[in-house]
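Morning, everyone. Please put the model up on the screen, and then we'll walk through it.

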Amino acid sequence: MREFTYKIRLIIAIIIFVSIISSGVFLFLNPQVLHNLPIFKIGLISVVTILLAALLFGRIGCSLVCPFGIFQEIVSLFFDRQNEKRPNWIGKYIILLLFFIVSGIFAVKYKKITDLNIPFMCLVFTFSLFVITGVLSAFKDRIFCTHICPCGTLVGLLSKISLFKLTIDKEKCVCCGICERSCPSCSVESLEESIDNETCVKCLKCMSNCPKGAIGISFLRSRK
Ligand code: SF4
Ligand code: SF4
Ligand code: SF4
């Protein structure tokens, strides 16, 4: 059942990935559609949805919706790696702060730059991010998500207080380390039988791989 849940999550993620990429290509080829869309409203609704989802399920969007996250997961299928717990990197909070400052400046000046080619800028931005995340994840799984992405850092902070968390049942766990080695975001400390829900991207790989069925989703409870 746990393996089935993981596979269903992966299939849904790939379907969403293909849909987003197709929509992006469509919008690039038909920029007049983009100009007619209520971008601000869509952006606002997306942000609120992401934050609410984070408060409920943590970084579920990182493994289900974000095309860069799903792309990294696809890239990592070509590499057989043994991961180990990665320390929480403080620099990501500085990147988040810089992101807010730059976004604020951009928002203030927005009206003055309406002559910019937005579809072209989106294409360059998206392509660059695919290259960066793809290359980085070829070396270390999800390193962009755990160390750089400001969106992931923000959602990670909310994940700390999310209602649903992944936890390890200490009664069942035999500290074999399989979950730790298979975790793409290096969020599991198998000897301590704990999962760092701030960096966990909810891919459910650990849950699927655990031979003892010790990993599950807990509501308002942490077995850390
Ligand atoms: S951390 Fe950022 S890039 Fe990674 S999956 Fe989440 S939102 Fe996407
Ligand atoms: S795979 Fe399961 S049994 Fe092994 S360390 Fe992880 S939680 Fe414990
Ligand atoms: S702890 Fe489990 S669900 Fe979270 S990122 Fe690691 S393998 Fe995926």
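Start with the shell around ligand 3. Its residues divide into 10 nonpolar, two polar and two charged. Nonpolar here covers Ala, Val, Leu, Ile, Met, Phe, Trp, Tyr, Cys and Pro; Asp, Glu, Lys and Arg count as charged, and the others, Gly among them, as polar. In total, 14 residues surround ligand 3. The closest are C183, C200, C203, K205 and C206. A residue is near a molecule if its C-beta atom, placed from the backbone, lies within 6 Å of it.

A word on the source. This is a predicted model, where local features need pLDDT of at least 70 and side-chain atom pairs count only at pLDDT 80 or more, while totals for chains, interfaces and linings use all residues. Residues are numbered from 1 along each chain as its sequence is written, with chains lettered from A and ligands numbered from 1 in the order in which they are written.

Helices (H or I, at least four residues) and strands (E, at least two) are DSSP runs, numbered from the N terminus. K202 is not a glycine, yet has a positive phi of about 60°. L204 is also a residue other than glycine, with phi near 70°.

The cut-offs: buried means 20 or more other C-beta atoms within 10 Å of the residue's own, exposed means 12 or fewer, and partly exposed is in between; C-beta atoms are placed from the backbone.

On to ligand 2. It is surrounded by 13 residues, the closest being C173, C176, C179, S190 and C210. That shell has 10 nonpolar, two polar and one charged residues.

Which residues are around ligand 1? They are C62, C66, F68, G69, F144, C145, C149, C151 and G152. By class, seven are nonpolar, two polar and none charged. α5 (67-76), α8 and α9 each supply at least two residues of this shell.

Stay with α9, residues 150-159. Its G152, T153, V155, G156 and S159 are buried. Their cover includes α3 (39-57), α4 (60-64), α6 (91-109) and α8 (143-147).

Last, the whole chain. It has 11 helices and four strands. Of its 224 residues, 28% are buried. The C-alpha trace spans about 60 × 30 × 30 Å along its principal axes.

Notes:
Contact = placed C-beta atoms within 7 Å.
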